Amino acid sequence: MLLQVIKLFGRLLFVGNLASLWVLVNEGVRASHEYLRLIWATYLWRRTISRLPTSELNLPEVPLCEVLPNSDATCVNLQYAMHRPGSLPLEELTTLAIIVRRLQPKRIVEIGTSEGRTTLNLALNAPPDAEIITLDLPPELTGEHRKHSGPNYKQMNVEEPGVLFRDHPVASKIKLVLADSTKFDWTPYERSVDFVFIDGAHDYESVRKDTENALRIIRPGGIIVWHDYGVWKGVTRCLDELREQFPVVLLKDTTLAYLRVTESELQNFEGKRKG
Ligand SMILES: C[S@@+](CC[C@H](N)C(=O)[O-])C[C@H]1O[C@@H](n2cnc3c(N)ncnc32)[C@H](O)[C@@H]1O
């Protein structure tokens with residue numbers, strides 16, 4: 001209890017620093033409030049500030065143009081390109097947009113919507129008849145906080161998942177599902193998804209479950225990308241283990257792990273899962 005009080009006090013000291021007072025005096029309450037909001041979000045996402053690996057990187061690092069030839073010449077459409085707390089740096093957002101432009105997926109699944117910045121950019125670069133299914137937690141589950149899984153959207157001051165796309169013309173391509181991805185019934189999507197992006201809970205058990213589900217729903221030849229390899233220990237451990245069965249690689253200069261799955265790899269995986 002005492003430790004928790006000390007920790008809370010430390011956080012308040014961290015957030016209520018002199019700079020916020022300076023902003024308050026010089027720019028007023030609104031600016032100071034916004035400043036504090038951003039500092040708090042940065043505090044919650046402090047692991048991603050430096051993007052220094054928290055553990056040894058075991059996946060081979062490969063440039064995107066090697067796994068996806070001619071990707072350097074791909075032209076993409078981006079909105080909300082500048083980095084926002086809890087979302088991807090520009091190079092990673094661009095990388096996803098390039099993959100989607102090149103692959104032209106008809107069905108995309110994203111785990112972890114948050115504001116919907118990535119969802120929006122996936123939709124902008126997908127074909128007109130594409131469907132993007134994006135999952136985030138229902139409000140009643142946002143009170144829980146599992147250690148090592150990272151803050152949920154409420155804790156990042158996002159009022160509701162998908163705020164960045166809900167009034168956008170491409171919203172018609174997007175289906176927002178409020179469910180815990182690790183408990184969701186993925187059966188109707190089996191072997192039908194062209195591209196899966198995993199960026200939900202970051203603890204080992206959840207990433208493992210999300211990965212198993214992604215391998216159930218992906219079609220042969222489809223691509224799975226994970227965010228935060230080398231940043232969150234649970235993600236890194238899960239992908240290092242996956243490397244024993246699948247040729248997953250780390251895209252150079254990013255924290256994105258990339259896997260294109262073949263029919264035989266999926267059959268092997270199914271065989272092991274069932275038997
Ligand atoms: C890192 S943020 C996603 C950022 C988003 N992909 C982007 O690029 O802007 C992680 C999100 O996953 C959600 N989340 C955490 N655990 C989840 C779960 N079990 N099922 C669905 N969503 C989850 C959180 O609420 C949070 O909004």
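A salt bridge is a side-chain nitrogen of Lys or Arg within 4 Å of a carboxyl oxygen of Asp or Glu. Between domain 1 and domain 2 of this predicted model, the count is zero. The model is predicted, so local features need pLDDT of at least 70 and side-chain atom pairs pLDDT 80 or more, while totals for chains, interfaces and linings use all residues. Residues are numbered from 1 along each chain as its sequence is written, and side-chain values use heavy atoms, without hydrogens or water.

Start with the domains. Domain 1 covers 2–44 and domain 2 covers 50–274, with bounds from an automatic or database domain assignment. Their centres, taken over C-alpha atoms, are 31 Å apart. Five residues of domain 1 are in contact with five of domain 2 (heavy atoms within 4.5 Å). Together the domains bury about 450 Å², 65% of it on carbon and sulfur atoms. Buried area is the accessible area (1.4 Å probe) that two parts lose on being put together, summed over both.

Now look at the rings. The whole structure holds four aromatic pairs. Rings of Phe, Tyr and Trp (its six-membered ring) pair if their centres lie within 6.5 Å; planes under 30 degrees apart are stacked, over 60 edge-to-face, the rest tilted. Phe184 and Trp186 pair edge-to-face, at 4.8 Å and 80 degrees. Phe184 and Tyr189 lie 6.4 Å apart with planes at 35 degrees, so this pair is tilted.
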